Structures are given as structure tokens and as C-alpha cells.
Amino acid sequence: MKEIPEIAQFLRELPGFDILDDAQIANCAKNIDIAYYRQGDDILTAGSENRCLHIIRSGAVELRDDAGQMMARLAERDCFGFPSLMRQTPARNHSIAMEDTLVYHLDGTAFARARHASVGFDTWFIRALSDRLTMHPPPPTFRGVSGQQVRSLITRPPVSIGMNASIRETAQKMVEERVSAMLISDGTAVAGIITDRDIRERIVATGIDGSHPVTEVMTVSPVTLDGDANAYEAAIVMMQSNIHHLPVTSGGKILGMVSRSDFMRLETEHPLYLVSDIGKQKTAAGVVEVCRRMPALIIGQIEADANGELLGKFITMITDTVTRQLLRIAEAEFGPPPCDYAWVALGSQGRFEQSAKSDQDNALVLSNDAKETDDEYFASIAKVVNDGLDACGYVYCPGDVMASNPKWRRPLRDWKQYFHKWITVPEEKALMHANIFFDLRCIAGSSELVDALKKSVQKDARKNEIFLALMAKNAMTYQPPLGFFRQFVLDKSGEHKNTLDIKMHGIMPIVEIARIRSLAAGELRICTRNRLLAAAKAKEITETDAANLIDALDFIEKLRIEHQSRQLQAGKQPDNHLAPEELSPLVRQNLKSAFSQVRVSQSALLNRFHLA
Amino acid sequence: MNYSWLNTRRWFLGRRKVASPFDALLNAELPASAASFDAVEFVSLDIETTGLDAATADMLSVGWVLVREGRVDLRTAETFIVRPSGGVGDSASVHGLTDTVVGTGLDWGIALDRIVRVLTGRVLLVHHAGLDKVLLDRMCLQRFGYRLPVPVVDTLALEHRRLKRHHHLENNSSLRLADLRDEYGLPRYSAHDCLVDAIATAELLLAIVAKRRSTTLDDLLG
């Protein structure tokens, strides 16, 4: 096989490929086949398998989603098909030739090899992937803005810089002003625009010196829209041109800028709308129906760059609302409760740390006044709530830790007894229960019951070193893998073959360390992050250790969010199983650091209880 | 050349004793003339020569790429320089190949063997067969005693026929590769590299075929 200068030269000038060295380019060039599509031909159909990166050599291609809505219009030198290739999923969009189009198909294996060989190339495509995924415009998003003028969306005066500014000055001003796009003004009118993405692609990737004038790299005469235009039109323009920032003008003068996140703020699908809609439902079926909007909302939050902590709170807030509304519906059906009770959330809901895939753990703490005969009532409402939550996607707890289980529907004195026994006579099953039940939080009913329970538990736990030591030992069950992916603890069989359970091996160890450390410090805080901070304050762990663990948790949760977002976007059930191929070398490196931090903290925990 | 006559001639020649790899070429089965475009493998090939007269010119370099399953497969791209019997002559100015460079090239017989091998069981695709095919015939005659008995698709002839059929052929119609590619909206490539020309010709064939409703090998043959 010979070098083909014409092809190599073309590749070398492509965004992303410009980072590759000559040998890598040559390797790509010789793994291409060329196809010609007539105007109107389908290139990839949604749901079909895709084995190559499509590079448009000449012509034009439109991407449309399943419903036929146009997602992007691509031209010469644009790539498509990489999301399905990188995520190893069927193609999500239809791609249709809008003109006669010549397409270079870069073999998927060669593409993977280039990603492996060059971190820069890989990073470029990972970013492009997230851009491509976030361009997903959920159809109902813009319902609420259609009546408004685009000028009403502008939130601040325009941030611009003069034509003679250097690249570095422009970037510095962007940092100061905390904006992701900057207008370049010739005094009155918009001369150009530069965005975070441009800085990545045109400056960092090409190595242009920061002292060059910004006019060299800006997008000249960007698409603008008149302030009187309909806000809906602005949304369309941004989608069609595949841009995230749109300067708004009036009579040639800059009014300001609108971005995609401005629409997010105004959309009808804001979480608050969902919460209020849940509150309006009179039947469990109605609640279930409203909850169907959850995946789109979660995607929206992820697009708005929610971190793991915020997303956990956001999802938990909705679960809490659903739980309360189901309880209200049940009380409306079965009448007022015969005695005081508290509906308690356990596990991740208790900790405000739910993810897109969470099952339900809950219990009922009844007043000590509860009579034997009252149980029938509480069994009925527990069934309504547990069934309702399951139908909403919070599947039944596999360990049957739910209020519908008579064992977990008891008066306060029984609960105190349970905890006392778990703490003083710890055995394996007790430790498992303790893990779930220590993360308890009152969702509805009488919070005094829960407070009373917590107080007694806190006392029992703190003075019981043996119990804590056993908890610590138990917390070693799942260890984060240390060696790299070759030695990663991958599931060996079944549906999740060759994947890493990132919850089990990444998140749970941190949650457990935090729980034990805060118990040892006599603190019965709820969120993992708060527990770590409280433990550090009580000198149970060092401040550095706490900060490092929180960082590790942030990072691992972010990976999980991104993974689950990809699954939601693909219309799949989210899970915690990461495939090694999903991660770029850079991400793997970071994950490795996060894991080793967790291992260090686990060892420290063992030492603390003289178990090492 | 008529396709069944080509087959007859190959059968006839195949019974004689001929040198390798020409014998394999003769004995390989040709695709059926009714085969669809996607089912046929083409060798898109371009030759650079020492002159424009096919009767006297020598091969200077050759490049080819396969078209199979309806796509140009760059994994199969090949090109090399050939050492002609005479000097480079006038064409050095055109191709940028000097005697020194050419001196490092392959012996023309070895080059021809490679071409024969890649053509075995496949269809030759060229732009303007009048030059390249005549030259290959002459070389085969000299080395193996017979002309090159392969089916030929000529994009220039195809376009010439199409324009004539639609009475669009005018005196100033250009059938040059680059101009035809322009018409089909194909990108411009740098000229005078035989591999790039071979790829360019292959893409032009894809474009021509895409414009037709359905295409068989027979539709493309002369």
C-alpha cells in the first residue's frame, strides 16, 4: 500500500485530524473506502449498525432524528457516525445526502487505533461527541418561548472586544466575564464571534500563538438575528446552523447574545414544572405518566452541566415528590392514618444521591401508639407507594427493603430494638442492613419519630468500636480495581459481560468510608460529602483525605452521569456498567488516580480500627 | 469488443501454453455481463507514459485502486515507477519524473506481471482506453505473445455515448477527467499523479453509476 498524498493532505486539514502525526494520517488514509451518494440517498439509517467514520469529501448531508426532525446540516470536511462508533451503539440519527455527496468511510478499527494513539485526537472526538449529543433538541423544549421576542431572552449587555485585541486578551476577558462566547466588534456592528469551541479547535489544536490578533481566528460575520424575531426562530436558527451562541442585533447594533442554555431556563420542561405537575395528579397512574418526562429532564440537567452532587439532589427531589404525592393519593383512598407515622427513605434516596438508575429502599416508622389492627391500613398505603414507585421506574428493592415488607413497617420501639441489635450483635446480614438503614431520612409524616430513632442510634454506634470495626471490614468487600483495564474487575459473564460496575467498585466504597467515619465522629449526617466534611472537622479523617475523596466521588459520579446520559439518549435503560472502550486514555488515567485515592482511604480506615 | 467474443477468445487462448501470470488471467472466470455494478470488481488504472503516441510510448509509472461492492477501496491502492526501455524524453516536464528517478523504477516486465495479476478476474477501468489499453496490449503482445484480453470500461467513452444519445455533445464539450468530475460535483484533485487519477476515475464511475437507475456490467462495457 502506498501513501496517497491527495487523501493524506485532505485528512491532515480536517479538524481533529490536524493533531495526528504523518504516520497516523497515513494509517488513516489507507483505511478508507469511498462511496458516492445521490441527492436524497440514505447514508445511515437510525438504528442501523455503523462500522466507520463518515467524512464528507464533497456535498452536503442532513442528520435527522427518528421523528424526522432535522438535527444538523453537515458540509464538506464534516464528520458523522462517530457517536455510534464511539459508543458502539446503532446509529441514532438518519443521515441523508442533500446533494450528490462523496463520502470517505474511515474504517472503525483504524479510527479506534488513531484515538488510542493520540490523546489529542481522542479528546477532540470525545468533545465532538458531547456536542453532537447535546445538540439533541427535545421537541417540547421550545414550546414555552414561541410567543416571545428574542430580545427578551437577553440576560446581560453584550460582552465584546475590539478588532485589535489579541487572542490572549480575548480569552482573558472571556474568563473574567465568565462567558463562553465573545463578540468582536468594529465599534458598532458585530464583526465576528469566538467561542470556547473555537479556542479549542482553531487555537489550541493548531498551536497558534496567543499574541496573534483575534480577528485571525474568529468566525467572520456570524449568523445574527434581529431582536424583534420570534424566540422560536432563534432556536431554529441555532439548531440549523448548529451553533450554541447567537448574537442579537437591532438596526445593525448589538443588543446581546442568546445561548442554548437561555432556552433551557425558559423551557416548559423545567424540573419545577414537573414537580408541580406531579403534585396535581389524583391517581398513581397519573403520577406514572408525568414521570415519563424524567429521562428528557435528566438529559437536560446533564446538558446544563449538572455535576454528580447536583444531579443526585435533583433526582432525589423528584423521587421525594413522587413519594409524597403517592402517599397523599393513598391517604385519599384509605382515609387518614390511625396514628402518627413517618415514611422513611433509605439508601441513595436517603443520602440525596440517586442516579438515573436507582431502585427504591424505604420503610415506615410507626408511633408507639400503633395498634396491631392498624397494620392493615399501613400495609395498604405501603403497597400503593411501592407499586407506584416501581411503575415510575424506581424498581422494587431486590433485598425487599420496602415499607410493604411487614418487617420494615414497625413502631418506633421495634426500630430502636433493630438498630440496637445490629450494633451490639453484628453479624453479616445485620451489617448489610445497617448500611442501608443508616442512610435514613424522613420523607413524609412525623419527622419527630425519625429524629428520636436517629438520636438513639447515634449514641449506640459511637461507643461501639467493635461494630464500627466490623463495618469497616465489611466496607472492603468491594475494592476499586488498581491495575489498569486489563486488570479491571470486569463482570465476567451475563448481560454486563466485560464491563465495570462503577457503582459497586467506585461509588459504594466512598459512601461506606464516609458513613463509618461520620458514625465514628458521632455524626449522623446524611450526604456522603457532608459526612466526609463533618468527619474531617471532628478530626476523624484529615482534611486532605476528605477533599481527595470528594474529588474522587465527583469524578466517578461524572463518569456515571455521562454513561447514563448516553444510554438515555439512545433510549436505553440506564445502568452502572461502564465498558472500558467508553473511556479515553485520559479519562482512564484520571479514573485510575481516583481509584487509588479510594484504596488509600480504605487502608487508612482499616488502620483506624487496627484491622490492617 | 463484444463480450461473448472476448470470452471465446480467452477460452481459445487459455488452451495454449502461455507464461504465468498471463495463464491465470486467461483461466480466471469473468463476471457475467448481466452482473450488477456492485457485484463486479474493477481495477481503476492510470498509466503515465513517455509520450502521447500509444504505438511508441513507454510506461513511466502506473497507479491503480479497486472498486468493489460499489466503493473505492483505498486499501488496495498501488502505484510504482517503471523503468522504460528508452529515456524519459519530453514527458519529464509534464510528470516531473527525471531519468534518475525513473532509473530506480521497476523493470517493465515485472510491472506488467503485477498489472496482469491485479486484473485477473476483474474488469479494467480507465479514462480514455485509447491510450492506456493500447499501450497495455502492446506490452502484453511483446511479453506474452497476445493482447490483454480483459473487459474494459472507459469513463470517457461512457460519457461520450451518453452525451451523444441526448444530443448534448457539442464541439466544445470537454470530456477531460477533471471537467467531467466538475460536472458531477466531485472535488478537484491535483493532476499528473497516476494513482490520484486512478482514484479520480473510480469516483467518476461511482457518480456515473449513481445517476442511472440500475446498472449492469453490460451497460458499462463499450
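The structure holds 40 salt bridges over all chains. A salt bridge here is a side-chain nitrogen of Lys or Arg within 4 Å of a carboxyl oxygen of Asp or Glu. Side chains of opposite charge can pair when their charged atoms come close.

Some ground rules come before the details. This is a predicted model, in which local features need pLDDT of at least 70 and side-chain atom pairs count only at pLDDT 80 or more, while totals for chains, interfaces and linings use all residues. Residues are numbered from 1 along each chain as its sequence is written, chains are lettered from A and ligands numbered from 1 in the order in which they are written, and side-chain values use heavy atoms, with hydrogens and water left out.

Start with the salt bridges of chain B. R122(B) and E41(B) pair through their side chains, 2.7 Å from N to O. This pair links distant parts of the chain, 81 residues apart. R122(B) sits in the loop between α5 (108–119) and β5 (123–126) of chain B. E41(B) sits in the loop between α2 (22–27) and β1 (42–49) of chain B. Helices (H or I, at least four residues) and strands (E, at least two) are DSSP runs, numbered from the N terminus. R122(B) is buried, at 17% relative accessible area, whereas E41(B) is partly exposed at 27%. Buried means under 20% relative accessible area, exposed over 50%, and partly exposed in between (1.4 Å probe, protein chains only).

A second pair stays within one helix. E159(B) and R162(B) form a salt bridge, with their closest N and O atoms 2.7 Å apart. Both lie in helix α7 (residues 155–165) of chain B, three residues apart, about one turn of the helix. E159(B) is buried, at 0% relative accessibility. R162(B) is partly exposed, at 21%.

R188(B) and D182(B) form another salt bridge, with the closest N and O atoms 2.5 Å apart. R188(B) is exposed, at 66% relative accessible area, and D182(B) is partly exposed, at 32%. Elsewhere, salt bridges that share partners join D33(A), D107(A), R68(B), R71(B), D73(B) and R75(B) into one network.

The side chains of D33(A) and R71(B) meet in a salt bridge, 3.3 Å from N to O. Between chain A and chain B the count is four salt bridges. The interface also has seven residue pairs in polar contact, both residues at pLDDT 80 or more. A polar contact is a pair of N or O atoms within 3.5 Å; within protein, one must be able to donate a hydrogen and the other to accept it, and residues adjacent in sequence count only if both atoms are side-chain atoms.

Which elements of chain A supply at least two residues each to the side that touches chain B? They are α1 (5–12), β1 (32–37), β3 (52–58) and β8 (101–107) of chain A. The largest share, six residues, comes from β1(A). By type, this side of chain A divides into twelve nonpolar, three polar and nine charged residues. Ala, Val, Leu, Ile, Met, Phe, Trp, Tyr, Cys and Pro count as nonpolar, Asp, Glu, Lys and Arg as charged, and the others, Gly among them, as polar.

In total, 24 residues of chain A are in contact with 26 residues of chain B. Contact means heavy atoms within 4.5 Å. The two chains bury about 2,100 Å² between them, 55% of it on carbon and sulfur atoms. Buried area is the accessible area (1.4 Å probe) that two parts lose on being put together, summed over both.

Now the interior. In soluble globular proteins, nonpolar side chains tend to be buried together. A nonpolar core is a set of buried Ala, Val, Leu, Ile, Met, Phe, Trp, Tyr and Cys residues joined through side-chain atoms within 4.5 Å. The largest one has 69 residues. Residues with the most contacts inside it are L11(A), F17(A), L53(A), I55(A), F125(A), F42(B) and V153(B). Helix α9 (residues 194–211) of chain B gives the largest share of this core, twelve residues. Apart from it lies another core, of 67 residues, among them W408(A), A461(A), A469(A) and L553(A).

Last, the backbone. A cis peptide bond joins S20(B) and P21(B), with omega about 0°. P21(B) is in the loop between α1 (3–14) and α2 of chain B. Q88(A) has a positive phi of about 55° although it is not a glycine. Q88(A) lies in the loop between α3 (82–87) and β7 (94–97) of chain A and is exposed, at 59% relative accessibility.
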